[in-house]
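Subject: A structure for you to look at

Hello,

Here is the structure I promised to pass on to you. Have a look at it first, and then read on for what I found.

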Amino acid sequence: MNTRETDKQSVLVIGGGVGGIRAALDLAESRRDVVLIDKSYAIGGLMTRLDRTFPTNNCDLCTISPHLSESGRQLRLDLKPMTVVEQVEGQAGDFKVTIRTLPRYIDVEKCTACGECAEKFPDWVRFTPGLDPRAPTCMRYPQATPYAFSVDADKVTDFGALQKACKVGAIIPDDQEKTETLSVASIILSTGAELFDPAVLDNFGGGQFPNVVTGLEYERLMSASGPTLGQLVRPSDNKRPARVAWIQCVGSRGINRQDVPYCSSVCCMYALKEAIVTKERFAEDIEASIFYMDMRTCGKDYELYLNRAVNEYGVNLVRSRPHSVVEDPETGNLVITYATDDDERQKTEVFDMVVLSTGFRIPASTRELAGRLGIDLNEHGYAQTSGFSPVATSRPGIFVCGVSESPKDIPETMIQASAAAAMAGTQVRLEQDTGAEEEDFPPEIDVSGQDPRLGVFVCDCGPNIGDVITVSSLVEEVRSFPGVAYAEAVGYGCSKESMDKMESLIREHGLNRVVIGGCSPLPKACQGKPFACHTRLHPHPGGPANNPGVLG
């Protein structure tokens, strides 16, 4: 075990989900040094496993990937995955925090995520289990940060063979656990929460019937980066379902032994989103029904989203709380018997798949962490705060944001993360706010007298874009446009691999103007003060007149 101590004062952000990333970036942009830790192998949290985000139905990875990419660029941000808090001492403005980083057995600076180690020794490489049957890696999504694998040393029987499999020499067989003490002015808790596991219930068939899935599992089935590459099929027989039912409030707003009394705030909206996306893709070929107690659409434009689901997409809303789901063992179909307020008689319907909408629960690990931090929790395990200061915990200098404070959706998490960053930043000594080293961007190039050499890069994002337009045909047509010197499809344009490729092509072909079609962040050659005239293409209902990034 290696132990070292650093006297550099900073802000510690615990948890690398979307809230923690936003808080860390806000602090770094305000010239505060920040250390972002997460116990997982890659940051991004729950949001990286979603398909779309409500109420815009934007691609989820396209939303978060620029933040993930930026977290790797910030000079004031020190990212430490596979790291946990061991001890906290001191007071606001002068905390001493002991953190422990587990060995990864891979040098993240050398690892190119080529996949050779996983292909040859899949049992030795860590991965996140679930619905994904492809080559197991620790990367839960295509744009994982850090962009590197992780080795499970307990399963490795021959480190020498593993080293030979790595062409860049990134395997570190003698990697060790590291402990260090940080001097931090303030702490932000953003560990989020877990989704309820319906397998503990015996009435809905979660974990028992293959065609009963959770909302998150359904998201993975619909996601372009998921196990079926976005093709919706039943787990039991790989056939496309014709009737899908959602059951709301599973494990929530009840009095049974495994239930919690509170509402998790997001379940109604994500069920509506999943039903809308399902109807968008399959229209009249599929029927979507949501069984609910009441629809809690309390965010901006959320009620309009509900109206769109019913009026534009034909989603069936059934006000009822079914007691159980019964499987037909021969067909794998699922039977739901229910009653409504309008009819005293029970009805029985058969569905091909059932999606259980589950809410948030605070895990035991977060409760233990709260004990180390010395902060109070409420009766449900969320951080105790006051109504007039919702990001301040019971211990001065320690703040909270996101689902760690209470159940909430992504927009509210982002707002609260920025609020927590603003409060935490006030604890940092003023001298830390001056004399910051600026990021070393590539030198500017004067292109005012040059003829345009336009480079066009188009994302396909799997079926998210590739199923809507023929990307190859678009690229071929763009090559004939005046001034276009180079055009190419770049797959997932927001991935590190694609960004590095675009940067290389920009230099190789001497491009002085760049257009990126999709929602990709700009490669580093185009960041900072203008390397050249550049823009990004985004779908926009107003057309080119309202969005100069859209070609007419």
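Please keep in mind that this is a predicted model. The protein averages a pLDDT of 82, and 81% of the residues score at least 70.

Over residues 1-6 the pLDDT stays under 50, and the model gives them 17 contacts beyond four places in sequence. The pLDDT is also below 50 over residues 519-552, a stretch with 75 contacts in the model beyond near neighbours in sequence. Where pLDDT is low, the predicted coordinates should not be read in detail.

Now for the overall picture. The protein has 12 helices and 23 strands. Of its 552 residues, 53% count as buried. Taking contacts between residues at least 6 apart in sequence, 67% join residues at least 24 apart.

The crossing in which α1 passes α9 is right-handed. On the α1 side, the residues that meet α9 are Val18, Gly19, Arg22, Ala23, Asp26 and Leu27; their partners in α9 are Thr413, Met414, Ala417, Ser418, Ala421 and Gly425. Sorted by class, this contact has six nonpolar, four polar and two charged residues.

Staying with α9 (residues 410-425), we come to Gln416, which lies in this helix. Is Gln416 buried or exposed? Its relative accessibility is 9%, so Gln416 counts as buried. Leaving aside residues up to four places away in sequence, Gln416 touches Pro390, Val391, Val400, Cys401, Gly402, Glu405 and Lys408.

One of those partners, Val391, is worth a visit too. Val391 is found in the loop between α8 (364-373) and β19. With 6% relative accessibility, Val391 counts as buried. Beyond residues up to four places away in sequence, Val391 touches Ile398, Phe399, Val400, Gln416, Ala419, Ala420 and Met423. Val391 and Gly402 are 11 residues apart in sequence, and their C-alpha atoms are 9.1 Å apart in space.

Next, take a look at helix α5 (residues 215-222). Seven of its eight residues are buried, so α5 is largely enclosed by the rest of the structure. The buried residues of α5 are Gly215, Leu216, Tyr218, Glu219, Arg220, Leu221 and Met222. What covers them? The cover includes β3 (52-53), β9 (194-195), β10 (212-214), β11 (243-250), α6 (267-282) and β17 (353-358).

Helix α6 brings us to the last stop, Phe282, which lies in that helix. Phe282 has a relative accessibility of 8% and therefore counts as buried. Not counting residues up to four places away in sequence, Phe282 touches Leu232 and Arg240.

Enjoy exploring!

Best wishes

Terms used
Residues numbered from 1 in each chain as written. Predicted model: local features only at pLDDT ≥ 70, side-chain atom pairs only at ≥ 80, totals over all residues. Heavy atoms only, no water. pLDDT = per-residue confidence, 0-100. Contact = heavy atoms within 4.5 Å. Helix = DSSP H or I, 4+ residues; strand = E, 2+ residues; numbered from the N terminus. Buried < 20%, exposed > 50% of the residue type's maximum accessible area, 1.4 Å probe, protein only. Left-handed = near helix turned anticlockwise from the far one by under 90°. Nonpolar A, V, L, I, M, F, W, Y, C, P; charged D, E, K, R; others polar.
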